[in-house]
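Subject: A structure for you to look at

Hello,

Here is the structure I promised you. Please open it and keep it beside this email while you read.

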Amino acid sequence: MVRESEYLVFTKNLVKRFGDVVALKGVNFRVGYNEVVGLVGDNGAGKSTLAKILAGIYVPDEGEIYVKGQRFRRLTPQKARELGIELVHQERTLAEDHPIWRNIFMGREITGPLGFLRIKEMKAAAEKLLNEIGLKAIPPDTPVKFLSGGYKQGVQIARAVQFEADLVILDEPTIQLSISEVHRVLEYVHGLKKRGKSCVFITHNIYHVYPVADRFVIIDRGKIVAEFRKVDVTPEDLTHILVSIARTGTIPEKYEKINLLNVAGSN
Ligand SMILES: Nc1ncnc2c1ncn2[C@@H]1O[C@H](COP(=O)(O)OP(=O)(O)OP(=O)(O)O)[C@@H](O)[C@H]1O
Ligand SMILES: [Mg+2]
C-alpha cells in the first residue's frame, strides 16, 4: 500500500474536461521527495494540463491532490506556491522589458516598512542567486529581452529557487534551445536535485530528460500508460516504447514486467 504522505505530490484519479475534450482521464501521478520525474508524451497528451492543476491554475473536475500528505480537491496559484510548487511555463512568463532582478522578484518584491521597493537588496540577491545556478556573466540589470532562450529558462528557475520551491515543474524547458543551452537547463535541474528539491521535467525529447530523471512517466491521451525507473531502461528503450504507443496505443510486451504500473508494491 502506498501512503500519500510518502510523496511530495500524489494525485488520485484526476479528471479534467474542456467542453467535450477530456484532457485527463483519471490520472494517478506521484513525485517523491528529492526526485526528478520525466513526464513524457505526445502533443495533446495532457502534460501541461496536469502541470497546471498542480500549480493551481486549473481546477480538476474530479480527483484529489495530496501535497506533503495534505489532501486537496483543488489548489489555487497562491496555495500551490505556499506549498512550495512552482511552475515554469511552456508559454514564457517573463516581462521582457524588465531587468533580470525584477523578473526574479516579480509579484513578491522585497519592500521596506513604507512599501518602497528595496531595489539594492533585490539586485544583490539576484546576483547571488544567478551565481549559484551558474549564470554568472550577465549583470542583473540586463533586460530579459536581450537574453538567450536558455538564459531565460535560467531566470525562471532562479525565481523558483529564490522562493525555495520544493517542487519545480518545467514544462518543455528545452524546446527551441540550442544544444549548449539544453545542457545548461540540465545543469539547473542537477542543481535542484543537489539542493534536495524535486522536479517534474516535461518534454517530448527523451534524450533531453534522460540524463537528469530518476523515473519516467509516460502519458498518452489523458492516461498514464507506463512508468519506468531509469535503472530499468535506456533512452533507446524509451524511444521504442513511445513509438509503439504512438502507433498502436500499447507498449511492447517485453517492457510490461518493468512497467511500475504492473509491479506489485510500487503503485
Ligand atoms: N484551456 C484549454 N481549453 C480547451 N482545451 C484545452 C485547454 N488546454 C488544453 N486543452 C486540450 O486538452 C488536451 C491536452 O492538452 P495539453 O496542453 O495538456 O497537452 P500537452 O501534453 O501539454 O501537449 P503539448 O505537448 O502539445 O504541449 C488537448 O486536447 C488540448 O487541446
Ligand atoms: Mg504542453
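Below is what was found, starting with the whole protein and ending with single residues.

**Ground rules**

This is a predicted model, so local features need pLDDT of at least 70 and side-chain atom pairs count only at pLDDT 80 or more, while totals for chains, interfaces and linings use all residues. Residues are numbered from 1 along each chain as its sequence is written, and chains are lettered from A and ligands numbered from 1 in the order in which they are written.

**The whole protein**

The protein has 9 helices and 11 strands. Both are DSSP runs, numbered from the N terminus: helices are H or I with at least four residues, strands are E with at least two. The C-alpha trace spans about 60 × 40 × 35 Å along its principal axes.

How does the radius of gyration agree with that of a compact globule? For 267 residues, such a globule would come near 18 Å; the protein has 19 Å, which agrees. The radius is taken over C-alpha atoms, and the globule rule is 2.2 Å times the number of residues to the power 0.38.

Of the 267 residues, 42% count as buried. Buried means that 20 or more other C-beta atoms lie within 10 Å of the residue's own; exposed means 12 or fewer; partly exposed is in between; the C-beta atoms are placed from the backbone.

Now take contacts between residues at least 6 apart in sequence: 66% of them join residues at least 24 apart. Two residues are in contact if their C-beta atoms, placed from the backbone, lie within 7 Å.

Strands of a sheet pair through backbone hydrogen bonds, either parallel or antiparallel. Here, two strands count as paired if DSSP finds at least two bridges between them.

An open sheet holds 6 strands, in the order β7-β8-β9-β4-β10-β11, with mixed pairing. β7 (85–88) and β11 (223–229) stand at the edges. Each has a single partner strand, so one side of each is left without a neighbour in the sheet. From one strand to the next, the twist averages 20°.

Look at one pair in detail. β10 (residues 215–220) and β11 run antiparallel, joined by 6 bridges. In this pair, F216 stands opposite F228 of β11.

Helix α1 (residues 47–54) touches β4 (36–40), β7, β8 (167–171), β9 (198–203) and β10, and its direction makes about 150° with that of β8. Helix α6 (residues 179–194) touches β4, β8 and β9, and its direction makes about 155° with that of β9. For these angles, axes are lines fitted to C-alpha atoms, for helices over the stretch in contact; angles run from 0 to 180 degrees between N-to-C directions.

**Strand β1 and its partners**

Strand β1 (residues 7–18) pairs antiparallel with β3 (residues 30–32) over 3 bridges. There, V9 stands opposite V31. β1 also runs antiparallel to β5 (residues 62–67), with 5 bridges. In that pair, K12 faces E64.

With β2 (residues 21–27), β1 again runs antiparallel, over 5 bridges. The bridge partner of L14 is V27 in β2. β1 and β2 form a hairpin with 2 residues between them. G19 in the turn has a positive phi of about 60°.

How many residues of α1 are buried? The count is 8 of its 8. Among them are K47, L50 and I53. Just after the helix, G56 takes a positive phi of about 80°.

Ligand 1 is surrounded by 12 residues, and the closest are F18, A23, K47, S48 and T49. Here a residue is near a molecule if its C-beta atom, placed from the backbone, lies within 6 Å of it. α1 gives the most to this shell, with 3 residues. β2 and α1 each supply at least two. The shell divides into 4 nonpolar, 7 polar and 1 charged. Ala, Val, Leu, Ile, Met, Phe, Trp, Tyr, Cys and Pro count as nonpolar; Asp, Glu, Lys and Arg count as charged; the others, Gly among them, count as polar.

**Two residues to check**

N34 lies in the loop between β3 and β4. Its phi is near 55°, a positive value in a residue other than glycine. N34 counts as partly exposed, because it has 16 C-beta neighbours inside 10 Å.

E172 lies in the loop between β8 and α6. Its phi is near 50°, again positive in a residue other than glycine. Is E172 buried or exposed? It has 20 C-beta neighbours inside 10 Å, so E172 counts as buried.

Best wishes
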